[in-house]
Amino acid sequence: MKKCVLLVLSMLSFASMAQKKKAATASPLEAEKQAMIGNLDKRFDEYAKISKQIWDYAELGYMEEKSSLLLQEQLKKEGFQVQAGIAGIPTAFVATYGSGKPVIGILGEYDALPGLAQEATPEIKPIPNQKGGHGCGHNLFGTASVAAAIEVKNWLQKSGKPGTVKIYGCPAEEGGSGKVYMVREGYFNDVDVVLHWHPSSANAADASTSLANKNAKFRFKGIASHAAAAPERGRSALDGVESMNYMINMMREHIPQDTRIHYVITKGGEAPNVVPAYAEVYYYARHKDRAILQSIWKRIENAAQGAALGTGTKVEWEVLGGVYNLLPNVTLATLVHQNMQKVGGVIYNEEEKKFAEKIAETLGEQKQDINNAAKIKNFNDASESATSGGSTDVGDVSWVVPTVGLGTATWVPGSSAHSWQSTAASGMSIGQKGMIVAAKTLAITALDLMNDQATIDKAKAEWLEKRGGADFKYEALLGDRKPALDYRK
């Protein structure tokens, strides 16, 4: 027995010495990464409070005055130089710290969605008299990006090494194409690599792409008249909208099957007994290939003109947004995936488990094991040929500078974006824990890039090849129009 005890003690002593030796031989860079991770853990409550404040504001695109200012004030307090109101957008900003190369950009968003005002509870509970809600978790997005940028700033300050970190305050991602105007005005021209992330129901960093998107409001004008006493004198603008919608729905059979087209009638008249003199429909079209998207969009415009001709009305349209597909970068995605594995996923406490289990019961066939929030998806699950069903104005950024992103489990596994379930989780600790996972991954990835010019060079070479070489010329899908600051009004 005594020999067994001595043997166990000897083994424990050996293991302890091995751990100490491993810690002692860890590279300085790895030690700095662990310090960043620890700092973000210490500041969890501070950043959770900021994200919850933005969640409470729930400001729609181009109206994020309080949300933008809150993040700007946090950055100013940390020593960043903040330039506000850039690219003709009052709620856009860029904050800079450091000097010299490399220049690492980090994107942050903070706009809410209309119609998703929901309490942070695991059952449907709308917030009365509130126009929007953070169903895409942008309250978390902006906060985590700011938190990561602050950690990079602290490292630059402490190390005294050359390098610059830029945090971009990006409004109106949801249909407003805010980043497109920033790209068009050259705000990314001096950046070496851009990092971004997005709330999700899973933890993943991969080299997938997204759908290019173009959207517009089609406005029909007719002639008002008494709908019963003198209908022959009227020309219904609503008939124009409905005729257009009918033709588009017929067209769906004759376009590539991976196209997405969706619309809402935003104005249909005032009263049934008045022939509507004005009607409006808001269209989105998406495809992974921008050239195909443009050809489909031309057919949508033709349908609008045909509808107006057939109903004796007139039509005009205003392109409100247009974004490129994401240009994947395997070099950068591999690095982010490796760092996410070091950070780990989201671990629920008992209270969060109860919340998650209640949410999971509402997901129907999409229900998943809530423990998936703690897992990191395999890198090969989404290759550079894979395409998500969504669109993002990050796509335009990725065509002017090498760009990489990730997603973290800010929502209960199986939850969809733009849902009451995602809104609820974005306003409580489940979302906030996923937010800190993102902040940690962004920060230590930026640290790697600050110390590894070879990876930046490799990423740039891959990026140049995929976008078609140095001859590529960026042209915004929304043309030269000014920011559509009133698109949510």
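A: In this predicted model, E361 is exposed, with a relative accessible area of 56%, which puts E361 past the cut-off of over 50% for that class. The partner of E361 in a salt bridge is K367, and the closest N and O atoms of the two are 2.6 Å apart. K367 itself is partly exposed, its relative accessible area being 43%.

Salt bridges that share partners also join E30, K33, K342 and D448 into one network. Within this group, E30 forms a salt bridge with K342, where the closest N and O atoms lie 3.0 Å apart. That pair links distant parts of the chain, since E30 sits in helix α2 (residues 28-42) and K342 in helix α9 (residues 330-343), 312 residues apart. E30 is partly exposed at a relative accessible area of 26%, and K342 is likewise partly exposed, at 41%.

A further salt bridge brings together the side chains of D192 and K101, at 3.4 Å from N to O. This pair, too, links distant parts of the chain: D192 belongs to the loop between α6 (178-184) and β7 (193-195), whereas K101 belongs to the loop between β2 (93-99) and β3 (103-109), 91 residues apart. D192 counts as buried because its relative accessibility is 5%, and the cut-off for buried is under 20%. K101, by contrast, counts as partly exposed, with a relative accessibility of 49%.

The pairs described here are among the 22 salt bridges that the structure holds.

Definitions and conventions:
Residues numbered from 1 in each chain as written. Predicted model: local features only at pLDDT ≥ 70, side-chain atom pairs only at ≥ 80, totals over all residues. Heavy atoms only, no water. Salt bridge = Lys/Arg side-chain N within 4 Å of Asp/Glu carboxyl O. Helix = DSSP H or I, 4+ residues; strand = E, 2+ residues; numbered from the N terminus. Buried < 20%, exposed > 50% of the residue type's maximum accessible area, 1.4 Å probe, protein only.
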